[in-house]
Amino acid sequence: MINKNSPIPIYYQLEEKIKNQIDQGDLKPGDMLPSEREYANTYAISRMTVRQAITKLVNDGYVYRKKGTGTFVSEKKIEQPLQGLTSFTEDMKARGMTPGNRLVHFKVVPATSSVANYLKIQENDPVYEIQRVRLADNVPMALETSYLPEKLVPGVTKEIMQSSLYEYIEAALGKKIKEATQIIESSTANQNEVELLQVRKSSPILLIERHTYLEDGTPVEFVKSAYRADRYRFMINMKR
Ligand code: 16G
């Protein structure tokens, strides 16, 4: 029930209630949400409050609006653990999903000063600049832009980038990937991401920057990824 005497805002209580119904499976992907009027009547709250709750759920990617039709429950988000350094291909396979790639851009370019700085190479040293849309069961999940030093990772081809980069580095080149630092921040989809990820304008995005190192500490990749926040959430277990 909605508690009007609680210090917790009413819109937030409703938002949590709907989120809970989605989590419990009472509302399933594709289901249409009751109308604003119905929610307002059921809980004796204003339509404006209902709209506020639903807008928040839209912005967080749990539901989406279809013009002139209604509001619908989104597909369940993939819950990605943050422990363990894995590749997209490994993550998808572990879930029983089929990984796929759409190569958008593949070039060897001179490193800019910032890329050189991240990869600890000289400015203008050749680096691969690779952009891929990562797909899970044919659905675009993320747009990934990677930079790798050509000297350290020789022989990368478009064909290799259609499958697993980590597998190439480890199995074909025999180099061991050891660790990575990852930064996650929120954003909204820009025009390029709207087109390549097939999302609506201003959809929520999680920007992830990964710096990855080989066993001897050499930086092997610098990656910027835009993950669909309507399809992804990240999970970590913490011990104390
Ligand atoms: C993940 C990594 C990316 C890495 C890729 C390799 C994140 C945010 N990024 O997508 O840095 O390049 O895996 O995947 O997790 P692959 O071996 O399937 O090509």
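The model is predicted: local features require pLDDT of at least 70 and side-chain atom pairs count only at pLDDT 80 or more, whereas totals for chains, interfaces and linings use all residues. Residue numbers start from 1 along each chain as its sequence is written.

**Whole chain**

Select the protein chain and colour it by secondary structure. There are 8 helices and 10 strands; helices (H or I, at least four residues) and strands (E, at least two) are DSSP runs, numbered from the N terminus. The C-alpha trace spans about 65 × 45 × 35 Å along its principal axes. Of the 240 residues, 23% count as buried. A residue is buried if 20 or more other C-beta atoms lie within 10 Å of its own, exposed if 12 or fewer, and partly exposed in between, with C-beta atoms placed from the backbone. Two residues are in contact if their C-beta atoms, placed from the backbone, lie within 7 Å. Among contacts between residues at least 6 apart in sequence, 60% join residues at least 24 apart.

Select Met-1, which is placed in the segment before helix H1 (10-24). Met-1 is exposed because 6 other C-beta atoms lie within 10 Å.

**Helices H2 and H3**

Select residues 36-43 and 47-59. At what angle do the axes of H2 and H3 cross? They cross at roughly 115° and come within 9 Å; axes are lines fitted to C-alpha atoms, for helices over the stretch in contact, and angles run from 0 to 180 degrees between N-to-C directions. The crossing of H2 and H3 is right-handed, a crossing being left-handed if the near helix is turned anticlockwise from the far one by less than a right angle, and right-handed if clockwise. Show the side chains next: Glu-36, Arg-37, Tyr-39 and Ala-40 in H2 meet Arg-47, Val-50 and Arg-51 in H3. By class, this contact has 3 nonpolar, no polar and 4 charged residues. Ala, Val, Leu, Ile, Met, Phe, Trp, Tyr, Cys and Pro count as nonpolar, Asp, Glu, Lys and Arg as charged, and the others, Gly among them, as polar.

Move to residues 63-66 and 70-73. Strands S1 and S2 pair in the antiparallel sense over 4 bridges; two strands pair if DSSP finds at least two bridges between them. Arg-65 has Thr-71 in S2 as its bridge partner. The two strands form a hairpin with 3 residues between them, and Gly-68 in the turn has a positive phi of about 70°.

**The six-stranded sheet**

Now display S4 to S9. These 6 strands form an open sheet with antiparallel pairing, in the order S4-S5-S6-S9-S8-S7. Its edge strands, S4 (99-110) and S7 (177-188), each pair on one side only. Neighbouring strands are turned by 15° against each other on average, direction ignored.

Zoom in on S5 (residues 126-136) and S6, which pair in the antiparallel sense over 10 bridges. Leu-143 in S6 is the bridge partner of Val-133. Asp-137 lies in the loop between these strands and has a positive phi of about 45° although it is not a glycine. Asn-138 lies in the loop between S5 and S6, with a positive phi of about 75° although it is not a glycine. Asp-137 counts as exposed because it has 12 C-beta neighbours inside 10 Å; Asn-138 is exposed, with 9 other C-beta atoms within 10 Å.

**Val-153**

Select Val-153, in the loop between S6 and helix H6 (158-161). Is Val-153 buried or exposed? Val-153 is buried, since 20 other C-beta atoms lie within 10 Å. Leaving aside neighbours within four places in sequence, Val-153 is in contact with Leu-148, Ile-169, Leu-173 and Val-220.

**The ligand**

Finally, select the ligand and its shell. There are 14 surrounding residues, the closest being Ser-87, Thr-89, Ser-164, Leu-165 and Tyr-166; a residue is near a molecule if its C-beta atom, placed from the backbone, lies within 6 Å of it. Helix H4 (88-94), strand S6 (139-149), helix H7 (165-172), strand S8 (204-214) and strand S9 (219-228) each supply at least two residues of the shell. By class, the shell has 5 nonpolar, 5 polar and 4 charged residues.
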